[in-house]
Amino acid sequence: MRIILSGIIVVLTLLLLPQVAHAMHITEGILPPKWAIFWVVMIMPFVVVGTLKLKKNKKEVPGFLPLVGLVGAAVFVFSCFPIPVVGLNGMATAHPAGTGMSAMLLGPFVSVVIAGIALFIQALFLAHGGLTTLGVNIFSMGVLGSFSGYFAFRIVQRMGLRLFWCGFAAGVVSDLFTYMGTSIGLGLLVFEGGESLPIAIMHSAKAMLEIFVVFIATSQGPLCVAEGIVVGFAISYVYKVRPGILQSLKVVKV
Amino acid sequence: MLKYFIVFVLTLCLIQAHALYATEANNTINGIEDKETIESENGKWTGIDVSIVGKYAEKYGHPPKDPYINTDQGDLLLFVFTVFGLIGGIIIGYNFRKLFIEGKGKSNSGT
């Protein structure tokens, strides 16, 4: 118990160290207007449903709002916390997503809203991401990260593994899918032009795969495991200290 | 009202005095070449949005541009990160205490 608490305190302390982060977010100006609009349209339904679910759960689930505050701030800090990794040209920094944890605790739709708010603040004030690329960043970190993490958690839970491993799976899978989303966003940039549809699709798919392999081979391979461990410990801690929260949120069965 | 006015005037004087000292200090260091001692941009520890995302975007003909509100100027970005890190830390700490310290032992409800 003390070890878990100490671990969480160390992680939070490290998270709160002020650092300048540059990582997976697609930067301002990269997307042409048509793709920027496309991604905003793609994420809109998730944001609307997420907002409605947030309102509903706030009334129905006791302790939901402090948990949203806690997890929301954690996602914000997680997603701008640079971790040293091996990059393309030597040492670089990358950051975890945190949406696996929020999706597991609050549900995937609410997690999309939380990711959206975090990314909006980062784009506005921290020169991290961008306003025109907000749609694709919410899609990758919010939609893909949250839903993949949530389903990974549920699948591993059904397999009957311990709660730590359920959280671990959520953390690892959500991180990988977040970077897959970034690869999709970047890969679609080669989709334009006068090529025929099958060739354009093939070129895009090739670009996406190449970018994703570079991500995994360099930064996100070890980083996703680290995120999985943190999420695993976090969910285990919540279960030990306040199992009632997880029960009322239907994360674990009574 | 007068009290606030005096405080305002005193603050203004203080700021102006600081500006005077700063100008004077600036005059004394004029002509000395400033040198960047930390290599960060395009060097070691560059974020992967520059080393991977930025490079691919440039390769595909869509190079990144400066943010609309560009806080990436000198130490301003460090300041903004510190402020938001602090705010995030306070929110995490407050809700953590509320949920896991004050609410410890309550197993049947969330609060």
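Trainee: What is the mean pLDDT of chain B, and how do I read it?

Mentor: pLDDT is the predictor's confidence in each residue, from 0 to 100. For chain B the mean is 75, and 65% of the residues reach 70 or more. This is a predicted model, where local features need pLDDT of at least 70, side-chain atom pairs count only at 80 or more, and totals for chains, interfaces and linings use all residues. Residues are numbered from 1 along each chain as its sequence is written, with chains lettered from A and ligands numbered from 1 in the order in which they are written.

Trainee: Which elements of chain B have the lowest and the highest mean pLDDT?

Mentor: Elements are DSSP runs numbered from the N terminus: helices (H or I, at least four residues) and strands (E, at least two). In chain B, helix α1 (residues 2-28) is lowest at 66, and helix α3 (residues 76-101) is highest at 91. Where pLDDT is low, the coordinates should not be read in detail.

Trainee: How many residues are in contact between chain A and chain B?

Mentor: Contact means C-beta atoms, placed from the backbone, within 7 Å. Here 58 residues of chain A meet 48 of chain B. On the chain A side, the largest share, nine residues, comes from α3(A). For the complex, the predictor gives an ipTM of 0.79 and a pTM of 0.80.

Definitions and conventions. Contact = placed C-beta atoms within 7 Å.
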